[in-house]
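Me: Could you walk me through this fold, one question at a time? I'd like the sheet and then the pockets.

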Amino acid sequence: MRSNFRNVTVLNKLIWSEYLQKPFNEMLKRLFLGNPPKNVIYCIENIHNHKKYIGKTSAEVSKRWTEHIKTSLEIGTIKSQNIHKALYGHWDEFTFSVIVVSEKEKISADEKYYIKFFESD
């Protein structure tokens, strides 16, 4: 049993399931009243330095945000990026917001527009 606690993946899954999943899901319910939008451009912003990550998803935005948190713990399904390193251990220092619900055909162009607009890289 003790050797399992040396396994970083096991520890990160425990952090997700015991400390982050419930409050994160409650936030999502409050934000979307059980009906998260699809085809959105979203922002993850650091509340201290106001650096912004602009992203897009054609799936429900709540699922994408969940994967960002899980990827910061190295248990997610999306490619790790600088935003995930910044999120790790500092989840309460970031805000998640929907910028715009887009048309599926325009979502990539809209993402590029908002990355430039917010000067996000």
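This is a predicted model: local features need pLDDT of at least 70, side-chain atom pairs count only at pLDDT 80 or more; totals for chains, interfaces and linings use all residues.

Me: Which pattern does the chain follow along the sequence?

Reply: Helices (H or I, at least four residues) and strands (E, at least two) are DSSP runs, numbered from the N terminus. On that basis there are 4 helices and 3 strands. Read along the sequence, they give α-β-β-α-α-β-α.

Me: What is the radius of gyration of the chain?

Reply: It's taken over C-alpha atoms, and the globule rule is 2.2 Å times the number of residues to the power 0.38. For 121 residues that rule gives 14 Å, and the chain comes close to it, so it is as compact as a globular protein of that length; its own value is 15 Å.

Me: In what order do the strands sit in the sheet?

Reply: Two strands pair if DSSP finds at least two bridges between them. Strand E1 (residues 40-46) pairs with E3 over 7 bridges, antiparallel, and E1 also pairs with E2 in the antiparallel sense, over 6 bridges. That makes an open sheet with the order E2-E1-E3.

Me: Which residue in E2 is the bridge partner of Cys 43?

Reply: On the E3 side, Ile 44 stands opposite Phe 96. Over in E2, Cys 43 has Ile 54 as its bridge partner.

Me: Which residue takes a positive phi in the hairpin of E1 and E2?

Reply: The hairpin has 5 residues between the strands. The one with a positive phi, near 60°, is His 50.

Me: How many residues line the largest pocket?

Reply: On a 1 Å grid over the protein atoms alone, a pocket is an open set of points where a 1.4 Å probe fits, with protein on both sides within 12 Å along at least five of seven lines, while a cavity is a set the probe cannot get out of; lining residues have an atom within 4 Å of a point. Grid points are joined across faces, edges and corners, a volume is the space filled by probe spheres set on the points, and here it is about 400 Å³. Lys 52, Tyr 53, Asn 82, Ile 83 and Asp 121 lie nearest the centre, out of a lining of 18 residues. E1, E2 and helix H3 (82-87) each give two or more residues to that lining of 18.

Me: Which element gives the largest share of the second largest pocket's lining?

Reply: This pocket has a volume of about 210 Å³, and its lining includes Tyr 19, Met 27, Trp 91 and Phe 96. Ala, Val, Leu, Ile, Met, Phe, Trp, Tyr, Cys and Pro count as nonpolar, Asp, Glu, Lys and Arg as charged, and the others, Gly among them, as polar; the lining then has 9 nonpolar, 1 polar and 1 charged residues. The largest share, 5 residues, comes from H1.

Definitions and conventions: Residues are numbered from 1 along each chain as its sequence is written. Side-chain values use heavy atoms; hydrogens and water are left out.
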